[in-house]
Amino acid sequence: MRSKNILDEISDGKLYDIGDMVKADTGGCTGCSDCCKDVGDLVVLTPFDVNEIVNFLGVSFDELLGDKIVLRETNKISLPYLKMQDKNKYCSFLNKEGRCTIHSKRPNICRLFPLGRVYKGDDFKYFLQIGNCPKDNLQEVKVESWLGIDNYDENKKFILEWHKFIKALTFRLKFVRDEEEIAKVNETLLNGFYRTSVKEADFYSEFMKNFPKIKNELGII
Ligand code: SF4
Ligand code: SF4
């Protein structure tokens, strides 16, 4: 989440919605993979992202851990992030030709660039990052087309619920000092949301069905 004054510095000063036109279209990224380098602490994966990747690659969450994704702890919450390669800091999903090997199932955050998301109340909007994409003359494109996310309304509902949940969990753990309790919470989080892959078509319904139970186990109302 970005605050308004940081936003003024890094964006064109406008906020965009899904139906708006924005100068974000690179016209193809051939020969460039700048936004896939050194983003290990930026691309945090949601359960949706992980479900898409494990289905696409036919592997389990634990098989991705270590090689392609890593757990990072922020505010005592352990979540999976893209792993950068040690030798060159490029994303582990990038191949030798500089192409994303999970392009059609790349994480939601990867789909945005050079857009970003800013949360406002119970909603979010998009902003255009300035100076981060090296391509000249970005062309106007509808935000919806640029993102290319299927079932956008369900995806947005999920993202908002997930964002609210992570905020609530952050607050819940703020004053917890007991290492065992923190470890137990993180194990429940990973087991409940990331180690339970389902068919892609069933993701949103299964998530919403199980969400209250797992939140309850984690002590979130
Ligand atoms: S930095 Fe811009 S041109 Fe390069 S891969 Fe990312 S979006 Fe494409
Ligand atoms: S998942 Fe794909 S698009 Fe995202 S940073 Fe890695 S290589 Fe780039």
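A residue is taken as near a molecule or strand if its C-beta atom, placed from the backbone, lies within 6 Å of it. The model is predicted, so that local features need pLDDT of at least 70 and side-chain atom pairs count only at pLDDT 80 or more, while totals for chains, interfaces and linings use all residues. Residues are numbered from 1 along each chain as its sequence is written, and chains are lettered from A and ligands numbered from 1 in the order in which they are written.

**View 1. Surroundings of ligand 1**. Around ligand 1 stand Thr-26, Cys-29, Cys-32, Ser-33, Asp-34, Cys-35, Phe-113, Pro-114, Cys-133, Pro-134 and Lys-135. This shell comprises seven nonpolar, two polar and two charged residues (Ala, Val, Leu, Ile, Met, Phe, Trp, Tyr, Cys and Pro count as nonpolar, Asp, Glu, Lys and Arg as charged, and the others, Gly among them, as polar).

**View 2. Pairing of strands S4 and S5**. Strand S4 (residues 115–120) pairs with strand S5 (residues 123–128) in the antiparallel sense over six bridges, where pairing requires that DSSP finds at least two bridges between two strands and strands are DSSP runs (E, at least two residues), numbered from the N terminus. Arg-117 has Tyr-126 in S5 as its bridge partner. The hairpin of S4 and S5 has two residues between the strands, and Gly-121 takes a positive phi near 60 degrees there.

How values were computed:
Helices (H or I, at least four residues) and strands (E, at least two) are DSSP runs, numbered from the N terminus.
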